Amino acid sequence: MTIAAQSALLATLACSFLYYGCSGDGSSSGSPDATQDGGASGSESGPGGSTSSGGSIVGDEPAAGGSTSSGGAPSDGGARSDGGFAGAQLLEGGAGGEAGDAGSNFDWHLPAGFPVPLVPDDNPMTRQKVSLGRYLFYDVRLSHNQTQSCSSCHQQALAFTDGRAHGVGSTGVVHPRGPMSLANVAYASTLTWANPLQTDLEHQALVPLFGDDPIELGLGSEDELVTRLEAVSVYSGLFAQAWPGDPSPVTVEHVVQALASFQRTLISGNSPFDRYQYGDPSAISKSAQRGYALFNSTDVGCFHCHVGFNLTDHVNWAGKAFLDRPYHNTGLYNIDGQGAYPAPNTGVEHVTHRPADMGRFKAPTLRNIAVTAPYMHDGSIATLDDALDHYSAGGRTITSGPDAGHGNLSPLKDPVVQPFTISAEQRADLIAFLQSLTDDDFLHDPKLSSPW
Ligand code: HEC
Ligand code: HEC
């Protein structure tokens with residue numbers, strides 16, 4: 001790596017750690033200051049056009065395409081019975097499918113309704129980088145004490161989560177938040193639960209590799225990693241194939257580029273629900289079909305935030321007209337009557353220090369949700385049934401202990417999270433729908449498994 005490139009990498013590494021305490025410089029760097037006040041979020045056109053209201057947009061493309069007013073249903077909310085998938089359907093045979101990166105040898109083979117992911121110009125997809133990234137993702141040499149790899153906390157069978165409420169790093173340190181599913185992470189407009197500055201997979205990977213608060217993989221230096229990888233014969237071939245002509249291709253910059261390329265192939269779009277949506281009316285039960293209608297009803301209102309082909313409003317793709325980075329407070333906590341969440345998990349507020357950002361988190365994809373328990377940023381909801389209790393109450397009530405409070409009374413709660421009443425049968429229908437989002441091909445695809 002050139003000295004300039006290395007110092008750029010280290011500078012972004014520092015920025016990547018913003019979440020972990022270096023807020024001073026980083027928060028003056030732009031993005032957080034662009035957080036929009038007022039609760040109204042922008043809508044957009046394109047696959048699964050987002051109609052969320054009441055969320056904050058953090059970004060430089062505020063509310064273009066028309067803002068929806070907060071405090072009520074989105075303008076087309078009552079009319080749409082098919083959620084965001086209608087938009088996704090328009091893409092069939094269009095951007096989805098066989099499109100490849102210009103200048104690369106990579107074919108996406110995208111599921112129906114999936115747009116082409118956005119890929120940084122300086123890291124085009126190639127089969128060689130994806131292949132190398134897969135080895136790295138599953139390699140315990142990426143942790144200082146050689147006990148953990150990325151896959152320790154991101155396991156394929158659990159849609160790349162690990163079944164824990166909190167990540168546990170290679171030295172036993174407990175992470176304040178839970179590992180997130182990496183399904184369709186190529187489409188995330190920002191990464192992690194609530195960091196508007198964490199925008200690409202290349203830089204995000206530096207955090208688990210080198211971060212020390214909390215320690216995840218706990219590498220001490222770039223040299224430690226490079227020296228270790230250079231000693232492994234399979235890597236000399238893999239790095240050389242990925243960067244032919246580079247006399248010393250084993251660099252940290254290339255490691256994170258390959259990891260990012262592999263992660264962009266973690267695409268999940270072949271659940272029974274997708275088969276139902278794209279041609280097989282019997283692919284999901286009648287109960288799941290009713291659940292889908294409820295999910296998209298204005299009463300239950302899940303679609304406000306879990307919308308579109310990836311069941312989240314926090315998506316980006318190549319050529320997307322407007323960059324949306326909405327974050328929402330769902331009323332999970334309200335420990336002081338003013339909407340406070342327990343530190344350090346105060347959501348976007350932890351980065352921006354703006355009181356209005358308290359408790360605002362990214363709405364995760366609901367794909368494969370049946371296998372990614374426990375739920376929420378801190379794993380504080382054990383089951384899908386409990387998640388429905390939280391939402392049907394219009395925010396969770398905790399009756400005792402330090403986190404006690406009435407989430408439904410939080411002044412910071414997104415106004416679309418309102419109490420609703422459903423029968424036992426309707427509850428079962430909603431859960432059947434959520435279960436129909438499990439993509440067994442993805443959970444067992446040998447191409448995404450350990451190559452070792
Ligand atoms: C110790 C457990 C652990 C290890 C090891 C780990 N992660 Fe994570 N990962 C997490 C946790 C916890 C989060 C949520 C972080 C947050 O919100 O601050 C996360 C979040 C992510 C995200 C964001 C996903 C999204 O949807 O926004 C990506 C990408 C990611 N990890 C990739 C990796 C890669 C690549 C590696 C290996 C270099 C890795 N992780 C190693 C626990 C882990
Ligand atoms: C106002 C936007 C919004 C609405 C409406 C909404 N959600 Fe969410 N959802 C979120 C956010 C934000 C999170 C993460 C919250 C956190 O971790 O504190 C989340 C998390 C979840 C999770 C846990 C995901 C995970 O990976 O841990 C489930 C399950 C879920 N929502 C289901 C639903 C269902 C079902 C509905 C309708 C009853 C719904 N949501 C309505 C924004 C929303």
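Contact here is taken between residues whose C-beta atoms, placed from the backbone, lie within 7 Å. Helices (H or I, at least four residues) and strands (E, at least two) are DSSP runs, numbered from the N terminus.

A quick word on the model. It is a predicted one, where local features need pLDDT of at least 70, side-chain atom pairs count only at pLDDT 80 or more, and totals for chains, interfaces and linings use all residues. Residues are numbered from 1 along each chain as its sequence is written, while chains are lettered from A and ligands numbered from 1 in the order in which they are written.

Now the overview. The protein has 15 helices and four strands, and 50% of its 452 residues count as buried. Buried means 20 or more other C-beta atoms within 10 Å of a residue's own, exposed means 12 or fewer, and partly exposed is in between, with C-beta atoms placed from the backbone. If we take contacts between residues at least 6 apart in sequence, 69% of them join residues at least 24 apart.

Back to α13, residues 384-392, then. Which of its residues are buried? They are A387, L388, H390 and Y391. Looking down the axis of α13, these fall within an arc of 155°, so they line one face of the helix; the arc is that of the directions from the helix axis to the C-beta atoms. Just after α13 comes G394, with a positive phi of about 70°.

Next, α11. Its buried residues are A288, G291, Y292 and F295. Down the axis of α11 they fall within an arc of 105°, so they too line one face of their helix. Among what covers them is α14.

So how do α11 and α14 pack? Helix α11 (residues 286-295) meets helix α14 (residues 424-435) at an angle of about 95°, and their axes are 7 Å apart. Axes are lines fitted to C-alpha atoms, for helices over the stretch in contact, and angles run from 0 to 180 degrees between N-to-C directions. That makes α11 roughly perpendicular to α14, a label for angles of 65 to 115 degrees, with under 35 roughly parallel, over 145 roughly antiparallel and the rest oblique. On the α11 side, the contact is made by S287, A288, R290, G291, Y292, L294 and F295, and on the α14 side by Q426, A428, D429, L430, I431, A432 and F433.

Let me pick out A432, which sits in helix α14. A432 counts as partly exposed, with 18 C-beta neighbours inside 10 Å. Leaving aside neighbours within four places in sequence, A432 touches S285, S287, A288 and G291. Between A432 and Y292 there are 140 residues in sequence, yet 8.8 Å in space, C-alpha to C-alpha.

Is S282 buried or exposed? S282 is exposed, with 9 other C-beta atoms within 10 Å.

Finally, the ligands. Ligand 1 is surrounded by 30 residues, the closest being C150, C153, G167, T192 and P208; a residue is near if its C-beta atom, placed from the backbone, lies within 6 Å. Helix α6 gives the largest share of that shell, five residues. Around ligand 2 there are 24 residues, and the closest are C302, C305, Y375, M376 and H377.

Definitions and conventions: Two residues are in contact if their C-beta atoms, placed from the backbone, lie within 7 Å.
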